[in-house]
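Here are my notes on this one, written for a quick read. Have a look at the structure first.

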Amino acid sequence: MDENKTLDVLKEAILLEKRGRVFYQNVADKTENDAVKAFFEYMSEEEKIHVAVLSDQFRSFKDHQKFQAADLSEDASDGMPD
């Protein structure tokens with residue numbers, strides 16, 4: 001895959017994550033059920049993390065034509081809200 005095609009794929013992935021975040025936040029804002037609200041707020045925050053990861057990879061690939069190693073140092077818990 002050439003460099004421009006790779007960057008285009010990353011841009012599309014970032015856009016999809018941003019759209020997902022808006023969708024999840026809209027659902028969270030509209031529901032009155034606390035458990036549903038917490039779940040969709042969690043999903044919205046996850047999408048924010050995905051945008052950051054993809055954006056970092058975009059910059060790395062654009063500047064160095066390679067992806068950076070994944071940072072797996074975060075808490076390995078399931079991350080679901082209580």
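The points below go through the helix packing, the aromatic pairs and one backbone angle.

1. First, a caveat: this is a predicted model.

2. Start with the helices. Helix α1 covers residues 3-30 and helix α2 covers residues 34-64, and they pack with their axes 8 Å apart at an angle of about 165 degrees. Anything over 145 degrees counts as roughly antiparallel, so that is the label for α1 and α2. The crossing of α1 past α2 is left-handed. Sorted by class, the contact of α1 with α2 holds 13 nonpolar, 12 charged and seven polar residues.

3. Now the rings. A pair of aromatic rings is described by how far apart the centres are and by the angle of the planes. The count here is four aromatic pairs. In F39 and F40 the ring centres are 5.0 Å apart and the planes stand at 85 degrees, so this pair is edge-to-face. F40 counts as buried at 18% relative accessibility, while F39, at 33%, counts as partly exposed.

4. F61 and F67 make a tilted pair, because their planes are at 35 degrees, with the centres 5.1 Å apart. F61 has a relative accessible area of 10% and is buried; F67 has 46% and is partly exposed.

5. One aromatic cluster is formed by F23, Y24, F39 and F40, so the edge-to-face pair of F39 and F40 belongs to that cluster.

6. Last, a backbone angle to look at. Most residues other than glycine have a negative phi. Q65 is not a glycine, yet its phi is positive, near 55 degrees. Q65 sits in the segment after α2 and counts as partly exposed, at 43% relative accessibility.

Note on methods: Residues are numbered from 1 along each chain as its sequence is written. This is a predicted model: local features need pLDDT of at least 70, side-chain atom pairs count only at pLDDT 80 or more; totals for chains, interfaces and linings use all residues. Side-chain values use heavy atoms; hydrogens and water are left out. Axes are lines fitted to C-alpha atoms, for helices over the stretch in contact, and angles run from 0 to 180 degrees between N-to-C directions. Helices (H or I, at least four residues) and strands (E, at least two) are DSSP runs, numbered from the N terminus. Angles under 35 degrees count as roughly parallel, over 145 as roughly antiparallel, 65 to 115 as roughly perpendicular and the rest as oblique. A crossing is left-handed if the near helix is turned anticlockwise from the far one by less than a right angle, and right-handed if clockwise. Ala, Val, Leu, Ile, Met, Phe, Trp, Tyr, Cys and Pro count as nonpolar, Asp, Glu, Lys and Arg as charged, and the others, Gly among them, as polar. Buried means under 20% relative accessible area, exposed over 50%, partly exposed in between (1.4 Å probe, protein chains only). Rings of Phe, Tyr and Trp (its six-membered ring) pair if their centres lie within 6.5 Å; planes under 30 degrees apart count as stacked, over 60 as edge-to-face and the rest as tilted.
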